[in-house]
There are 2 protein chains.
Amino acid sequence: MSNQEQTGCCPPLAREPLSPVQAAELSKVFKALGDPVRLRLASLIASHEGGEACVCDLTDAFDLSGPTISHHLKVLREAGLITGERRGTWVYYRIRPDALRRLSAVLVLDDAGVSA
Amino acid sequence: MSNQEQTGCCPPLAREPLSPVQAAELSKVFKALGDPVRLRLASLIASHEGGEACVCDLTDAFDLSGPTISHHLKVLREAGLITGERRGTWVYYRIRPDALRRLSAVLVLDDAGVSA
DNA sequence: GTGCTGGATCGACGTCTGTCAAGGTAGATG
DNA sequence: CATCTACCTTGACAGACGTCGATCCAGCAC
């Protein structure tokens with residue numbers, strides 16, 4: 001769906017004020033992580049052996065219906081945080097390391113006035 | 001209100017699966033940043049000269065009513081991302097650098113299986 | 001082909017959330 | 001005291017969001 005190369009986005013939060021457009025872009029990604037289920041999904045995928053996890057494994061980790069898990073995975077995918085690939089019967093999801101790194105970089109406090 | 005020393009929380013996302021409790025804690029903070037207005041507020045505060053910004057400055061940066069800005073500042077405060085202090089007539093907000101650092105650390109991909 | 005299983009999509013439902021207008025509180029000034 | 005300014009709180013409302021059951025599609029086995 002073309003959420004691939006979004007966000008060459010955004011200097012560190014504390015370096016200069018985000019423009020409205022940058023903030024709109026970035027906030028989508030934070031919002032995607034702003035749900036406990038999606039955070040756990042991201043963590044399960046990122047920390048899973050081999051760097052990828054099958055939906056069947058993920059579903060078992062929650063007391064939620066299949067459609068709900070599917071929905072959350074879609075949100076994470078559209079935020080550019082994960083990718084999904086079908087291999088035979090199963091669908092495997094992987095973290096997009098570049099996305100995490102970008103987010104992490106935005107939160108960094110290199111030097112700025114802030115240093116407590 | 002006691003949102004001070006929350007979150008000694010949480011190893012990196014990719015190191016091990018977050019527990020439900022950890023995910024619930026952390027997701028609150030991400031959710032607070034998951035709104036374009038709040039992200040810009042945080043950025044304005046963090047990047048403001050002197051490390052603090054007065055509400056009056058913040059309000060001027062948006063086409064939003066005072067109560068709405070107040071509401072967003074409260075959400076950021078309750079997420080532990082900023083602190084507010086009244087000095088005379090004005091209220092000044094500051095970023096909590098420790099909160100940003102913690103978030104940044106959670107997103108880091110030290111070594112794990114993931115390394116693309 | 002039929003049937004089965006893993007996932008995704010589609011509606012629909014209840015709740016949460018961003019927004020504002022109106023009213024309230026704290027500090028400064030006269 | 002009264003009054004003005006800066007900011008917060010309350011209450012209400014529309015739109016967004018998380019969840020589910022029902023349905024649909026893709027791949028495998030027979």
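This is a predicted model: local features need pLDDT of at least 70, side-chain atom pairs count only at pLDDT 80 or more; totals for chains, interfaces and linings use all residues.
Residues are numbered from 1 along each chain as its sequence is written, while chains are lettered from A and ligands numbered from 1 in the order in which they are written.

Let's stay with H4(B) for a moment. Helices here are DSSP runs of H or I with at least four residues, strands are runs of E with at least two, and both are numbered from the N terminus. The 13 residues of H4(B), at 1.5 Å a residue, should span 18 Å, which agrees with end C-alpha atoms 18 Å apart; the expected span is 1.5 Å times one less than the number of residues. Ile69(B), His72(B), Leu73(B) and Leu76(B) are buried in H4(B) (20 or more other C-beta atoms within 10 Å of a residue's own, with C-beta atoms placed from the backbone). They cover an arc of only 100° around the axis, so they sit on the same side of H4(B); the arc is taken from the directions from the helix axis to the C-beta atoms. The buried residues of H4(B) pack against helix H1 (20-33), helix H2 (36-47), H3, strand S2 (82-87) and S3 of chain B, a contact being two C-beta atoms, placed from the backbone, within 7 Å.

H4(B) also meets the DNA. With five residues, H4(B) gives the most to the surface near DNA strand D, where "near" asks for a C-beta atom, placed from the backbone, within 6 Å. Around DNA strand D there are 22 residues, and those that come nearest are Ser65(A), Pro67(A), Gly88(A), Cys56(B) and Pro67(B). DNA strand C is surrounded by 24 residues, with Val55(A), Cys56(A), Pro67(A), Pro67(B) and Thr68(B) the closest. Helix H3 (55-60), helix H4 (66-78) and strand S3 (90-95) of chain A, together with helix H4 (66-78) of chain B, each give two or more residues to that surface near DNA strand C.

The two chains also touch each other: 41 residues from chain A and 40 residues from chain B take part. On the chain A side, helix H1 (20-33), helix H2 (36-47) and helix H5 (97-107) each give two or more residues.

How values were computed
A residue is buried if 20 or more other C-beta atoms lie within 10 Å of its own, exposed if 12 or fewer, and partly exposed in between; C-beta atoms are placed from the backbone.
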